[in-house]
Amino acid sequence: MKRESLRERIKTLYHSWKFDKKMCVFFSVAIILSMTLIMSLSLFFSVRSIISSSQRLVEEKVGTMVHNTEYNFEQYQGILWTLMVDSDVQEYLQSEEVYGHYAPMQKTLENAYIMWENMNFIGIISEDGKKKYIKGSATNNSEVGIQNQLMEDMNTSLRFSRKSTSMKTMTYNTAFSRTGKYALMIYQPVFSNNQLNKFIGTLYLN
């Protein structure tokens with residue numbers, strides 16, 4: 001009853017108003033509704049524009065990251081292929097003496113290490129495991145103890161590229177990090193330049 005009574009009072013009050021007052025109220029309500037609608041539409045399109053801009057920004061950043069990653073992989077591949085056929089590396093791995101041709105091989109790997117600021121370490125292991133060298137300071141293990149860790153890591157490695165015919169494999173973990181940070185590990189089998197399909201060792205870089 002109270003609700004109906006209030007409604008009747010409002011109707012009575014409205015009818016008692018003069019025409020100009022009614023028009024003023026009508027236009028005021030129309031303006032308020034119009035402004036509300038305009039603000040709602042403006043907010044909707046602004047949010048939509050912000051989301052669209054954010055998506056484009058993310059896509060551009062991801063695209064840049066993909067491009068940089070592909071470029072880095074190409075550079076890593078170039079390093080590995082260059083070292084794999086390098087005469088000093090080949091002679092060191094195929095020398096009958098444990099330290100035969102060690103110094104030239106060491107210099108070659110050190111030069112590759114110096115060229116890359118983001119390279120934690122680089123190393124080589126002969127096929128029989130008797131010859132090994134590592135350059136870098138990011139690994140937990142000593143040169144003597146790293147071989148078993150490398151073998152374990154290689155056993156869990158994945159192909160570098162499904163489309164590639166290369167035998168390179170890689171892992172991405174914290175296995176060789178002193179700080180617990182993830183790093184990419186790439187392994188490259190080395191074959192003799194003189195004998196077809198003769199495996200003589202493994203190059204690796206982190």
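Predicted model: local features only at pLDDT ≥ 70, side-chain atom pairs only at ≥ 80, totals over all residues.
Residues are numbered from 1 along each chain as its sequence is written. Local features need pLDDT of at least 70, side-chain atom pairs count only at pLDDT 80 or more, and totals for chains, interfaces and linings use all residues, while side-chain values use heavy atoms, without hydrogens and water.

**The helix pair**

Let's start with helix H3 (residues 87-94) and helix H4 (residues 102-115), whose axes lie 8 Å apart at an angle of about 135°. Helices here are DSSP runs of H or I with at least four residues, and strands are E runs of at least two. H3 and H4 are therefore oblique to each other (under 35 degrees is roughly parallel, over 145 roughly antiparallel, 65 to 115 roughly perpendicular, and the rest oblique). From H3, Asp-88, Val-89 and Tyr-92 meet Tyr-102, Pro-104, Met-105, Thr-108 and Leu-109 of H4 (contact means heavy atoms within 4.5 Å).

**The pockets**

A pocket is an open set of points on a 1 Å grid where a 1.4 Å probe fits, with protein on both sides within 12 Å along at least five of seven lines; lining residues have an atom within 4 Å of a point.

| Pocket | Volume |
|---|---|
| Largest pocket | about 230 Å³ |
| Second largest pocket | about 180 Å³ |

Thirteen residues line the largest pocket, and Asn-72, Tyr-76, Asn-118, Leu-184 and Asn-206 are the closest to its centre. H2 gives the largest share of this lining, five residues. In the second largest pocket, the residues closest to the centre are Leu-93, Gln-94, Ser-95, Ser-126 and Asp-128.

Conventions: Axes fitted to C-alpha atoms, helices over the stretch in contact; angles between N-to-C directions. Points joined across faces, edges and corners; volume = space filled by probe spheres on them.
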